[in-house]
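I opened my notebook for this one and wrote down what I looked up, in the order I looked. Here are the entries.

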Amino acid sequence: MIGIVDYGVGNLASVRKAFAAVGAQAELVSDPAALARARAVVLPGVGHFGHCAREFHRSGFAPALRDARERGVPLLGICVGMQLFFARSEEAADEPGLGLLPGTVARMRGVPRLPQIGWNQVRLHGTHPWLGGVAGGDHVYFVHSYAAEPATDVVLGTTDYGGERVAIVGDEGLLGVQFHPEKSGTPGLRLLDAFARAAA
Amino acid sequence: MTLAKRVIPCLDVRGDKVVKSVRFVDTKEVGDAIVLAERYDAAGADELLFLDINASHERRQTMVGFAARVADRIFIPFTVGGGIDSADLAAELLRVGADKVAVNSAAVRDPSLIGEIAGRFGSQATVLSIDARRSGAAWEVVIDGGRVGTGSDVVAWARDAVGRGAGEILLNSIDRDGTKLGFDLELTQAVADAVDVPVIASGGASAAEDFVALFRGTGADAGLAASVFHYEELTIAQVKDALAEAGIPVRPVAA
């Protein structure tokens, strides 16, 4: 079972339905203890980082997520879910993230319009087993005003929006995407499919 | 390599059927909404807008059920609008898989609705839809399907709404709606200049060149059309080919 962390935030139905479309079974998990049964974990999130971080910590998922990470359970963060992998965001300085990856999240400056809403191309800087279906130059769907600024070399992909912005971060057993694979048509579904296979 | 301009088909929905209004008066059925939505997805639409024009009391349930069925089948973003008058209804639509909700008349009557939805679900999920009608040198906000004038200035309302948390403006020219005279570039530019969120232009498009003119002449991020796509007078691919040829960034239609 792929567990989608349900902490009361985000477009969870879309993520579950997108997994169903690639033949994978994903379930919403609202009890942190139940996350121990998941063979892979998806951390979604949308909207305000502070709101997401607060709800995430309040729902008690932080220890379960860290535990999953330590056990090497495949972990996928989407949008603000990906941003939660970092220690903090400028959007809400008082609300900590998970700190699984070193670095922070900052408001995009020098951009034409905020939020960035729409399809933009990814430029790949590295490889990852779950990224096989995403090719450099593919258009994927972004909705965000803030972007990750990792402190170490975990950037696997960027996109150009008033400058180069982090679109994909990854490490062994972990992938974070700023875009929404569940809303990115074919390349997005391919990514979810690859992730689901890693969990099988 | 930059953000693509979006081409968005609009589906006016009653029940599960798509209907098309001409200047908001006469409606004709054009087919099953979900089948049409899937066809647009395959044809390269960047996003879909569903406007519920059903006036019945069962509307709420109908809308939510419909949005859930769309989310089962469509893996590109979609917005639902039409008569959304509470943050709770917005919550239900977003919960079943809609990406954004568009508010219009209810937000004019009670502007705090915008902040309430944006506060709970974020600006990115909160679209303000404005029906604009030319009035002298400016444009007046009209509501209730274009029937009722408000006396409010469109540009001022757009600015106010963004301040309240609207993350996108869907701007429909009532004067151009159904006319096939092309987008109202002057109106679109006036609003795009006034706000820093994306603007979706709507009303009047009938040819690929109308989209080229829109993106060449204004700061709009997206162009929307309904009947010309439904009746297959124009395809998404034709629009995108013309845009690409004009050097405007688009997401290519998959081969």
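Entry one, the chain contact. I began where the chains meet: 30 residues of chain A and 28 residues of chain B take part. I counted two residues as in contact if their C-beta atoms, placed from the backbone, lie within 7 Å. On the chain A side, helix 1, strand 7 (116-121), strand 9 (139-144) and helix 5 each supply at least two residues. Strand 7 of chain A gives the largest share, 6 residues. I then sorted the chain A side by type and got 12 nonpolar, 12 polar and 6 charged. Here Ala, Val, Leu, Ile, Met, Phe, Trp, Tyr, Cys and Pro count as nonpolar, Asp, Glu, Lys and Arg as charged, and the others, Gly among them, as polar.

A note on sources. This is a predicted model, in which local features need pLDDT of at least 70 and side-chain atom pairs count only at pLDDT 80 or more, while totals for chains, interfaces and linings use all residues. Residues are numbered from 1 along each chain as its sequence is written, and chains are lettered from A and ligands numbered from 1 in the order in which they are written.

Entry two, the sheet in chain A. I traced an open sheet of 8 strands, in the order 2-1-3-4-13-12-11-8, with mixed pairing. Strand 2 (26-29) and strand 8 (123-124) of chain A are at the edges with a single partner strand each, so one side of each has no neighbour in the sheet. Helices (H or I, at least four residues) and strands (E, at least two) are DSSP runs, numbered from the N terminus, and two strands pair if DSSP finds at least two bridges between them. Strand 3 (residues 40-43) and strand 4 (residues 75-78) of chain A run parallel, joined by 3 bridges. I also checked Val41(A), whose bridge partner in strand 4 of chain A is Leu75(A). Helix 5 (residues 185-199) of chain A packs on the sheet and touches strand 1, strand 3 and strand 4 of chain A.

I found 10 helices and 12 strands in chain B. Its C-alpha atoms fill a box of roughly 45 × 45 × 40 Å, taken along the principal axes. Of the 255 residues of chain B, 53% count as buried (20 or more other C-beta atoms within 10 Å of the residue's own, all placed from the backbone; exposed is 12 or fewer, partly exposed in between). Last, I looked up Val101(B): leaving aside neighbours within four places in sequence, its contacts include Thr79(B), Ile84(B), Leu93(B) and Ile117(B).

How values were computed: Axes fitted to C-alpha atoms, helices over the stretch in contact; angles between N-to-C directions.
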